[in-house]
Amino acid sequence: MTTRSVEHTTLVIERRLKAPVARVFRAWSSPEAKRQWFACHGEWAPLEYRLDFRPGGTERNHVADTDGLLHAFDAHYIDIVPDVRIIYAYEMKLGERRISASLAIVAFEADSEGTRMLFTEQVVFLDGYADNGARLQGTEIGLDNLELFLDREASPIH
């Protein structure tokens with residue numbers, strides 16, 4: 001019998017990006033762009049990706065790790081204000097086991113260097129899943145990839 005439990009945490013990550021707000025927002029909203037950076041493990045095999053970026057739209061990113069285990073991200077977009085904010089809820093599964101549910105807010109603000117982006121996630125880990133900091137680490141890696149994507153996109157050679 002599975003023991004039912006919840007463990008709450010909040011992740012807050014601020015990034016200063018050397019790109020205008022419109023370009024940073026496009027990296028989140030364009031399926032072609034987001035697919036290039038939205039991963040924390042480059043060696044995992046992509047299984048399915050789709051993005052319907054609009055309030056009420058969904059996003060799905062299913063990948064298999066090196067052992068073949070499904071890592072499933074399924075999101076629902078709640079609120080989108082272009083170049084200002086994105087609010088979405090999502091669940092994560094390992095195989096068929098739901099391990100977490102989250103509410104994420106990405107806020108964008110122009111600054112003298114380009115864009116101040118604030119990512120805030122309220123997450124609940126379910127039924128004894130021991131995250132041990134992996135969600136924060138994976139999110140940090142994904143945002144590192146976003147920064148690299150923006151740098152590549154701005155480079156005259158890419």
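Helices (H or I, at least four residues) and strands (E, at least two) are DSSP runs, numbered from the N terminus. The model on screen is predicted: local features need pLDDT of at least 70, side-chain atom pairs count only at pLDDT 80 or more, and totals for chains, interfaces and linings use all residues. Residues are numbered from 1 along each chain as its sequence is written, and side-chain values use heavy atoms, without hydrogens and water.

Select residues 18-145. An unreviewed UniProt entry places here the feature "domain: Activator of Hsp90 ATPase homologue 1/2-like C-terminal"; such annotations may be inferred rather than shown by experiment. This stretch is 22% helix and 50% strand, with its end C-alpha atoms 14 Å apart.

Next, select Ala39, Cys40, His41, Met92 and Gly138. Of the 35 residues that line the largest pocket, these lie nearest its centre. (On a 1 Å grid over the protein atoms alone, a pocket is an open set of points where a 1.4 Å probe fits, with protein on both sides within 12 Å along at least five of seven lines; lining residues have an atom within 4 Å of a point.) The pocket's volume, the space filled by probe spheres set on the points, is about 850 Å³.

H3 gives the largest share, eight residues.

Now show H1 (residues 21-29) with H3. They pack at an angle of about 120 degrees, with axes 11 Å apart; axes are lines fitted to C-alpha atoms over the stretch in contact, and angles run from 0 to 180 degrees between N-to-C directions.

Most residues other than glycine have a negative phi. Aspartate 127, in the loop between S7 and H3, has a positive phi of about 55 degrees. Asparagine 132 lies in the loop between S7 and H3, with a positive phi of about 50 degrees.
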